[in-house]
Amino acid sequence: MTGLAQTTDETMLVESARSFIDQAAPVSHLRGLRDAGKTYDPDLWAQMVAMGWAGVLIPENAGGSDMGFTAACLLSQEMGKTLASSPFISTAVIAATVFRHAARDKSQKALKEIASGHRIYAMAIDERGKFAPEQVRTYAKSTDKGYELSGSKVFVVDGGFANRLLILARTDEGLTLFDIAADATGVEISPNSMIDSRNAANITLDQVALKSDAIVGSAGKAMKVLAPALHAGQAAVAAEATGLAIAAFDMTIAYLKERTQFGVKIGSFQALQHRAAHLWCEIEATRSALMNAGRVLDQSPQDAGLAVSLAKARAMQTARLAVSEGVQMHGGIGMTDEFDMGFYMKRARVLAEWLGDYGYHAEKIAQARGL
Amino acid sequence: MIGIEEPEAFRFAVRAWIAENCPAEMRDGDHSPAHICWGGRNWVFESQAQQLWLERASAVGLTVPTWPREYGGAGLDRTREKIYREELERANARLPLQSFGIWMLGPALLRFGTPEQKRAYLPPIAQGKMRWCQGYSEPGAGSDLASVQTKCDDQGDHWRVNGQKIWTSYADKADAIFALVRTDKHAPKHKGISFLLVDMASDGVSTKPIRLISGSSPFCETFFDDVQVPKDRVVGEVNGGWDVAKYLLTHEREMISGGGTGVSGGRALGAVLADAYPDGLADQTLRNRAVETEIDALAISLTLDRYKDQSSAGQGVGHASAMLKYLGTELNKSRHEFIMSAYGSNALEWGAGFAEPWLRSKANSIEGGTSEVMLSIIARRVLDLR
């Protein structure tokens, strides 16, 4: 059993990721995309694919690097530090885990094409303002040739540029997951202008005709392939939020050491010192929960529910605290668009809702702990 | 007898040893303060079983599992120590001995003591023959601990001590005290302190219990009136006591911080609610509070594990003790607040078992350095804010 300390290999992975991201995707990269009216940079994703990040959870025989969930979380955490914009979580983490749990003959092609960067996936689950996969109403009617899918989805992250969609729908058998082309007839995708300058779409499905082989796993058994993928995705979102919190915190500490008021550095004020120290403690505890989630996913994934929900719940609270303290301690400049802190605050708000908010995961924890 | 096997073999060996040696009465999982075996010259065992358990455990060094064998320990590394603790828990066994000597003085002596001091003081701690108390705070030196004023004058062939300590836990029951005293009043305050060992039976030492809000009196005032102390009782350098004091405080903080995580004997909050509300909750806010407390408890407990794993892997853990002390004690206070509200008016009677630990928990974020001192330490040492 690998413990909660980072291994030498993991440290090397983090360091190489760090140096790549600092050069290829600093915060100014996201800002540049936004100013150019874009939400996605295919070149950046192509470089990540070339480094094996798209295949981080894909077996080597399908062209992946198969580094495991802890590694995926560490990569996500590094991306969170600069808000690096890519379909990493939706494609390399969620979709790859879905296909890894599906029958091999059908999933091998999808895995290969994810690892090679040919397929970008978006996962369409939500239909209302909160994550509630069990309440999905999108319906796939049985037909002679297969299914006919109708309904609408919201908050489909990376849905605006993905070429494949995973749609969670209800069939007569129960919850069923479909793998469809984004340009299939009857699919209408409306990309939204999101606060975090990233991409999420609303999708309308109008009598989309599908063959039975569009089903991933089997009809009525979506959760068999989806549950592990959601756990992986939730851990990766928690990791991104933790990286985001660390970076927002570091910026804030640097500012406390630089800004002078009343003739002294504001970092000399005990009122601010104690709040900064409190935030540091919260981040440390959240990092432990995150590391634990990665280890449990790697070592006993069937028991990952509690560990993942704990990491997600903690990371959302910590990121929220980090960005609100970040803006407050920067004062007026923290409110300006010119300064990066606002980007962190807005991304933290989006991550808070993606794949279950604090309340959703707190409820899971309560059930797991007999409350 | 044990300690050299591979971890899994060690687990079986220690499990068998506990099964054979821990008396049935000591396997009731009772960790409540009234049943702790503190040891000492005047210790009265609550039962023959308690005495037997102490003798058997100390004979193989398992009262202080990580201390070197030559000083009464079992020489276990952290991995095997963890296994030993897990096996104790598994057997529902009480700890054979607990004391400030084990938690605080021992580690400080191992680090700073002379070979003679180690030989003289460590084995009696390990065997439960000598009970120590801690003389740090003074009426004028609380959070500003380095301003201690208790005078310690060099009289050539001995030290002469005059002054007063406060919040000395169990001073009235201890055999000896490790105290911070001022050996140079002209030096800057951190540079004139020495760490001195004083026998409580010395002429001129007296104690007076302080009654607390919880009704009990574990804390005392301790007075030194022309007390003569042999010259070889200073640990570390004369005027170098602050280094010893700080090192010891990190151990004290780790000990205090463990109370709140619910992994070391704390009650699971789910069990609290089930017990207090067999017919359904009074309101949902109770459950929400329980979940939030549980989330923090799990994260802190994992942080403890992570730091242990990091130090086993030879990685630094920085100022972990200040952080764990702050989060752990604040959490423990929340847990007791929650338990009090869960039981409502049933918790309000003295002796019902709720109010005393609730009130006691309020001291957690004061003793061993307040939460505010911990935050200041983190701000200065970790974040370099000044």
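A: Let's start with a term: buried area is the accessible area (1.4 Å probe) that two parts lose on being put together, summed over both. The size of an interface is often given as the accessible area lost when the parts come together. Here, chain B and chain A bury about 3,100 Å² between them, with carbon and sulfur atoms giving 67% of that area.

Q: Before we go on, what kind of model is this?

A: This is a predicted model, where local features need pLDDT of at least 70, side-chain atom pairs count only at pLDDT 80 or more, and totals for chains, interfaces and linings use all residues. Residues are numbered from 1 along each chain as its sequence is written, chains are lettered from A and ligands numbered from 1 in the order in which they are written, and side-chain values use heavy atoms, leaving out hydrogens and water.

Q: How many salt bridges cross the interface of chain B and chain A?

A: A salt bridge is a side-chain nitrogen of Lys or Arg within 4 Å of a carboxyl oxygen of Asp or Glu. The rule finds four across the interface of chain B and chain A. A:Glu363 forms a salt bridge with B:Arg287, and their closest N and O atoms are 2.9 Å apart.

Q: Now inside one chain: what does the domain assignment of chain A give?

A: Domain bounds come from an automatic or database domain assignment. For chain A, that gives domain 1 (8-119), domain 2 (122-222) and domain 3 (223-368). Between domain 2 and domain 3 of chain A, the buried area is about 1,700 Å², and 70% of it comes from carbon and sulfur atoms. In domain 2 of chain A, A:Phe131, A:Ile195 and A:Asp196 lose the most area to domain 3, together 33% of what that side buries. Four salt bridges cross this interface too.

Q: Is A:Glu78 buried or exposed?

A: Buried means under 20% relative accessible area, exposed over 50%, and partly exposed in between (1.4 Å probe, protein chains only). A:Glu78 has 2% relative accessibility, so A:Glu78 counts as buried. A:Glu78 sits in helix α4 (residues 69-82) of chain A. Leaving aside residues up to four places away in sequence, A:Glu78 touches A:Val14, A:Ala17, A:Arg18 and A:Ile21.

Q: And which strand does β1(A) pair with?

A: Two strands pair if DSSP finds at least two bridges between them. β1(A) pairs with strand β4 (residues 164-171) of chain A in the parallel sense, over four bridges. A:Ala124 stands opposite A:Ile167 in β4(A).

Key. Helices (H or I, at least four residues) and strands (E, at least two) are DSSP runs, numbered from the N terminus. Contact means heavy atoms within 4.5 Å.
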